[in-house]
Structures are given as structure tokens and as C-alpha cells.
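Please examine the sequence and the structure shown below. The paragraphs that follow lead through the sheets, the domains and the spaces of this protein in turn.

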Amino acid sequence: MSYAEELHALGYREPEELAIGMQGVVYRLGGGKVAKVWFHAQERELRTLMEFYAAIDGRLPFATPRMSELHRPGTHWVTVEEELPGRPLYQVAAPYGEVGWERSRDCVVEVVEALAHVEPPDVRLAVLDETDPFRAGNVSWTDAISGLVRRRTERFAAKLTPVIDDFEMKVDTLLKLLEDMKEPDARLVHGDVTSGNILVDDDLRPVTLLDFGLLTMAGDPVFEAAAAASVIDLWSPRVREVEAAYDAAFADRLGYDAVQLLVYRCAYSLLIANVHDDDPYDRDSHVPLTAKLFNTPEVTALLRR
């Protein structure tokens, strides 16, 4: 049974595919509704996400998803939601360096700044393909993020070691830097602020933020900024320039430290390096992108013992 056929089984005869993300495929159903067919998520995880969405409803200056239905018509779980306003930022934004690109940068910075003012709800989500909540109990941010990096790198070391120079040394140094960071005031971290997850109006102002859950956590807003600067144009050959431009904006407007941004960017890059493993659409791995970052002179100098 195809993804569309699973929606046919729910009575939706002509679903229109809108987007493919790391977590699933989104379809427009008509009547102001959309559905998401989840690649790997199970019932418990989705019910927790439903609870999370209800808990953050109205706490940001733009719309966020609300799941109204949960079904399993076939192999996959399906959620039904209200269709939210706006167009994906990537559809209307000027490419980096072209006239007007700063408007999209300002839009992303606005989203990151808004998230940094929201206290995380009590509903704690698991991240990536893990099953336990990211910060259960009283686990500190520094312990939680360094533990996640350690688990991911140990699990995927066989793929990362051949392409990252001095891989073990760099990871060891990175873990020390993470563990030595000052414990921040926890704020809501989305973890996947991409130009596909931000919906904007005609003036490129954010009106909707989609797809919490991949790396959504109670954490350091500087981590959010570092991740957003990387993932906003991840596949561009000019990605280092894009990151530098966003880092400058985050430093100027939010007072974030350049070294801390780079440390978090390294951590984030390791976390998502293998996020497409077992992807049913067989999309490209992020491993080469992670290797390019880790082999830059800047990161090599940062992570030298």
C-alpha cells in the first residue's frame, strides 16, 4: 500500500503531496486539512507529540501545528491537522547573496529569537530515532546534549571515521567543550528551523512554524541558532558563508558568542549526519556535509587537543 493509498483508506480520494521531510510525507486533503504519513513514528510517540503541540499552542507569535486525528489505516501512522497559513520560505526567498536575501535572514532570526523567549512545556519529547525523552527527570542540558552526541557518534563511527580527519580526537575535544559549558536557562528549542518549516506571508514575515519533534528539546537557544544557520542552506556550496552571515546576525541582535555557536554547530552536524539512514525515499546522507565542516581549518583548530 502506497502512502497515498493509506489516505484513500481513510476516505481521502485525491490527496495532494505537499512536502517530504525527515519524518514523513505531508498531503493536502482539502477542506482546510492536511495529513502526515509518518515513516517510523509509533503511536506512543505521536500521542506525546499531540500533547506537546497542545501545550505550546498560542505561546509563540505565529501558528504551530495541532493534531486532531490519529489513525493507522495501513503500515504507517497518519495524523490529520488543520492546514496552517503561509508559504514555505524557500519558495519565495532570494538566494544567499542576491538582492533581498537579507529579508529571509531576518525572518529566520525572528523565529529563533521568538523560540528563545518560550519556556519549554513539561511534555518532554524523544529526539531523532530514540525512544526515551531527551531530558527525563533532572538531567542537565550539558549532560543531555553531550550524551546524545556520544551515543550518535559511537553508533555511526564506522561511517564517520573514514571521512573526518582525526575523528576520535575531535569528538573527544568536542565532548569536553560541551560538558564544560555553563548551564543555560532552558528554552524551547525546535531543532529543525529550515526554510521548509517556516511559512511566511507576502512580506516574508513568519506566520507558521511546522514540524517540531525531530530535535525538539528543552535546551540552549544558542544551539538553536547554530543549527538554524547551518540547516537553512545546508546543501549550498557556500554554506560556510551562509553560516558566517547568520552568526553575525545572531551575535549582533541576540549577543551570541561566535565560539559557542561553532561548538554547537559541530554537535548538531554530528547529530544529523546519519539522520537519513533507512530513509524510505533513499535521500542523500549528511555524512559528507559533516565531514566538510569537521575538516575545515576553523573546526580543526577549535577541536585540536
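**Sheets, domains and spaces in a predicted model**

Five strands make up an open sheet in the order β1-β2-β3-β5-β4, and their pairing is antiparallel. At its edges stand β1 (16-20) and β4 (67-71), each of which pairs on one side only. From one strand to the next, the twist averages 25 degrees. The model is predicted: local features need pLDDT of at least 70, side-chain atom pairs count only at pLDDT 80 or more, and totals for chains, interfaces and linings use all residues. Residues are numbered from 1 along each chain as its sequence is written, and side-chain values use heavy atoms, with hydrogens and water left out.

Some terms need their meaning at this point. Helices (H or I, at least four residues) and strands (E, at least two) are DSSP runs, numbered from the N terminus. Two strands pair if DSSP finds at least two bridges between them. In general, strands of a sheet pair through backbone hydrogen bonds, either parallel or antiparallel.

β1 pairs with strand β2 (residues 24-30) in the antiparallel sense over four bridges, and a hairpin of three residues joins β1 to β2. Within this pair, A19 has V26 in β2 as its bridge partner.

Helix α2 (residues 43-56) lies across β3 (33-38), β4 and β5, and runs at about 170 degrees to β4. Such angles run from 0 to 180 degrees between N-to-C directions, and the axes are lines fitted to C-alpha atoms, for helices over the stretch in contact. Contact means heavy atoms within 4.5 Å.

A further sheet, also open, has three strands in the order β6-β8-β9 with antiparallel pairing. Its edges are β6 (87-88) and β9 (206-209); each has a single partner strand, so one side of each is left without a neighbour in the sheet. β6 pairs with strand β8 (residues 198-200) over two bridges in the antiparallel sense, with P88 opposite L199 in β8. Helix α4 (residues 101-115) packs on the sheet, where it touches β8 and β9, and its direction makes about 60 degrees with that of β9. β8 and β9 pair in the antiparallel sense over three bridges, and I198 has L209 in β9 as its bridge partner. The hairpin of β8 and β9 has five residues between the strands, and in it L204 takes a positive phi near 60 degrees.

How is the protein divided into domains? There is a domain 1 (3-82) and a domain 2 (87-304), with bounds that come from an automatic or database domain assignment. The C-alpha centres of domain 1 and domain 2 lie 24 Å apart. In their contact, 24 residues come from domain 1 and 29 residues from domain 2.

Why does the second largest pocket lie between the domains? Domain 1 (3-82) and domain 2 (87-304) both give residues to its lining, and therefore the pocket lies between them. A pocket is an open set of points on a 1 Å grid over the protein atoms alone, with protein on both sides within 12 Å along at least five of seven lines; a cavity is a set of points where a 1.4 Å probe fits but cannot get out, and lining residues have an atom within 4 Å of a point. The volume of the second largest pocket is about 760 Å³; a volume is the space filled by probe spheres set on the points, which are joined across faces, edges and corners. This pocket is lined by 33 residues, and A41, E45, L128, D129 and E130 lie nearest its centre. α2 and α5 (141-155) each supply at least two residues of the lining, and the largest share, five residues, comes from α2. By class, the lining has 14 nonpolar, eight polar and eleven charged residues. Ala, Val, Leu, Ile, Met, Phe, Trp, Tyr, Cys and Pro count as nonpolar, Asp, Glu, Lys and Arg as charged, and the others, Gly among them, as polar.

Finally, a search of the whole structure finds one cavity of 30 Å³ or more. About 80 Å³ of space lies in the largest cavity, and the residues that line it include F52, P120, F134 and M217.
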